[in-house]
Amino acid sequence: MRSRAVIAPFIVSLVALPVTFTVVASLYGQAGSDRATLALFGATVLVEAIALAQVVRVRRLFSPGDSGHLTWTLITVFLVVRLVAEARLATLNFQLVPRYAEGSSGGLFFYIIVLRYLYTVSDVLFIGALANTIRAYKSTGLKFELLAQDFFYMLLVWAMPALTYLFHDNLMYSNTAGTDRYIVTFRLVTVSVGALIATLCLVVRRYVLQMGGGAVARVWTMVVIAGIARDASFLALALLSGRWRASAQFTEQYLLWVFSCCWLLTALFQQEILPRASRERVIRAAAESKAMG
Amino acid sequence: MHKEIIKYLTPMLGEATAANLVKHYCVKMRLSVDDLTPGQLPELADAMRPMLAVWLGSPGAARVAEEIAQLRKGAY
């Protein structure tokens, strides 16, 4: 799979999805909006699965001793845990599991309330990957430094959890999976972890800008966009769901769509860094060394 | 010669990183950036491998170092 095959459909989707949602919502109302958001959820999970397959290929390009090996291992596990969490969410969204209500069984409590923290676990792995990348950049000894304005941007990023705390009543919206009083805590934890992700993304972004272009910079720019989109999805939910529940759910899913497509592009761009001739030789060498055991 | 190395590395690492990397290793190896000779390229390329591996992985870095060493032959 080449990045060129993904970029154009992705850009088209950025416009087509909101337009489609608006048309569906105006024609079919609340039920139509919910179905459109569910369909986008399904497409997002599919893209995440494809991204995972590509990330596994990227990981093979690094030897165990390379710092990049740890980074891509963390990204691989991050996407695996996230996909497990998405599979759980799918069973709730498609009503394959009964809704949680006060007094439900312990098993249902564990499945619905506790296992939602799989997203937090996956985010922590993402944080590990970003931290290791920053460490790798610094280890080169080249000039990669933060500027004064970066700290201002970080302050803005930390306004996201602050705003979410402020609007936390909006976080308890009723979705297709039902409502429970534990969801607010989960979302507040997630948006705070998301702010940490966005902060680290800002550091990576600065280093990327200091590279002066190039294919490596393109890879990490995609990761930065993915990280910001993930955090922004919760902010959108907190700000919009009070008045426009259907739009809030769609916007959240739309930003997660951006997140998943960016991960797919990240993995494809990383595989395309080397000049084509070199890339083919590296892939051949990796296959030969694997065949030799 | 250093301009050829920078030109080769720029599409991968970006212009600033490519230039800084070449400068960094020339200083480390006490070579003059402006007076690099083709004969010094294999040694310079080999020294660059660990840093290239940060972004490209060891196998990718080895290939790139090999190609930098071959720049003297005008192969790339």
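Two residues are in contact if their C-beta atoms, placed from the backbone, lie within 7 Å. By that criterion, and leaving aside neighbours within four places in sequence, B:Leu52 is in contact with B:Ala61, B:Val64 and B:Ala65. The model is predicted, and the predictor assigns the complex an ipTM of 0.87 and a pTM of 0.88.

**Fold of chain B**

- Chain B contains 3 helices and 0 strands.
- Read from the N terminus, the order of its elements is α-α-α. The radius of gyration of chain B is 11 Å, close to the 11 Å that the globule rule gives for 76 residues, and chain B is therefore as compact as a globular protein of that length.
- Taken along the principal axes, the box filled by the C-alpha atoms of chain B is roughly 30 × 25 × 20 Å.
- Of the 76 residues in chain B, 45% are buried.
- When contacts in chain B between residues at least 6 apart in sequence are considered, 39% of them join residues at least 24 apart.

**Nonpolar core**

- The largest nonpolar core comprises 103 residues.
- The residues with the most contacts inside this core are A:Cys201, A:Val204, A:Val216, A:Cys262 and B:Leu52.
- Helix α8 of chain A, residues 215-240, gives the most to this core, with 18 residues.

**Contact between chain B and chain A**

- Chain B brings 23 residues to the contact, and chain A brings 28 residues.
- On the side of chain B that touches chain A, the elements giving two or more residues are α1, α2 and α3 (41-69) of chain B.
- Helix α3(B) gives the most to that side, with 12 residues.
- Sorted by class, the side of chain B that touches chain A has 12 nonpolar, 8 polar and 3 charged residues.

**Confidence of the prediction**

- Chain B has a mean pLDDT of 88, and 93% of its residues reach 70 or more.
- Among the elements of chain B, the lowest mean pLDDT, 90, belongs to helix α1 of chain B (residues 2-13).
- The highest mean pLDDT among these elements, 93, belongs to helix α2 of chain B (residues 15-28).
- Where pLDDT is low, the predicted coordinates should not be read in detail.

Note on methods: Residues numbered from 1 in each chain as written. Chains lettered and ligands numbered in written order. Predicted model: local features only at pLDDT ≥ 70, side-chain atom pairs only at ≥ 80, totals over all residues. Helix = DSSP H or I, 4+ residues; strand = E, 2+ residues; numbered from the N terminus. Rg over C-alpha atoms; globule rule 2.2 N^0.38 Å. Buried ≥ 20, exposed ≤ 12 C-beta atoms within 10 Å, placed from the backbone. Core = buried A, V, L, I, M, F, W, Y, C linked by C-beta atoms within 7 Å. pLDDT = per-residue confidence, 0-100. Nonpolar A, V, L, I, M, F, W, Y, C, P; charged D, E, K, R; others polar.
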